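Work through the exercises below with the sequence and the predicted model at hand. Each task is followed by a solution that goes step by step.

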Amino acid sequence: MPSSDQGRIEDLEASDYVGTLLRDPTSSHLLEALVRRLPAESFDVVWTVYLKPKLPRLSVHPVANFVVGKALERVSGQQFADACEELGPVSDKLFSMFREF
């Protein structure tokens, strides 16, 4: 994606409604399906506007973490590197969450 497009994406304001849907046990299933099937450009918008800015918090949320997981299955190499950096501070919490399963 050209850097001028990236700048425009980062200028978009996140909708509180979508933030609520991420945490809702029913609507999160729809968001998982959307994340799996969105065209690459649309996925990049969702990643940049809704997931990346709140990645640590969403990753440890009992519902939103499933949407994050589906998103991580299709991120680019750079997005994955950014995600690993963002998740570093909460990695202990993530590992303890998954040990409970």
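**Exercise 1.** Determine how H2 and H3 are oriented to each other, and state which residues form their contact.

*Solution.* Begin with the two values that describe a packed pair of helices, the angle between the axes and the distance between them. For H2 and H3 the angle is about 105 degrees, and the axes lie 6 Å apart. Angles of 65 to 115 degrees count as roughly perpendicular, and H2 and H3 are therefore roughly perpendicular to each other. Next, list the residues that meet: H2 brings Val 18, Leu 21 and Leu 22, while H3 brings Ser 27, Ser 28 and Leu 31. Sorted by class, this contact of H2 with H3 holds four nonpolar and two polar residues, and no charged ones.

**Exercise 2.** Decide whether Ser 28 is buried or exposed, and describe its surroundings.

*Solution.* Ser 28 has its place in helix H3. Its relative accessible area is 3%, and since buried means under 20%, Ser 28 is buried. Its side chain reaches the backbone oxygen of Pro 25 at 3.4 Å. Leaving aside neighbours within four places in sequence, Ser 28 is in contact with Leu 21, Leu 22, Val 63 and Val 67.

Definitions and conventions: Residues are numbered from 1 along each chain as its sequence is written. This is a predicted model: local features need pLDDT of at least 70, side-chain atom pairs count only at pLDDT 80 or more; totals for chains, interfaces and linings use all residues. Side-chain values use heavy atoms; hydrogens and water are left out. Axes are lines fitted to C-alpha atoms, for helices over the stretch in contact, and angles run from 0 to 180 degrees between N-to-C directions. Helices (H or I, at least four residues) and strands (E, at least two) are DSSP runs, numbered from the N terminus. Angles under 35 degrees count as roughly parallel, over 145 as roughly antiparallel, 65 to 115 as roughly perpendicular and the rest as oblique. Contact means heavy atoms within 4.5 Å. Ala, Val, Leu, Ile, Met, Phe, Trp, Tyr, Cys and Pro count as nonpolar, Asp, Glu, Lys and Arg as charged, and the others, Gly among them, as polar. Buried means under 20% relative accessible area, exposed over 50%, partly exposed in between (1.4 Å probe, protein chains only). A polar contact is a pair of N or O atoms within 3.5 Å; within protein, one must be able to donate a hydrogen and the other to accept it, and residues adjacent in sequence count only if both atoms are side-chain atoms.
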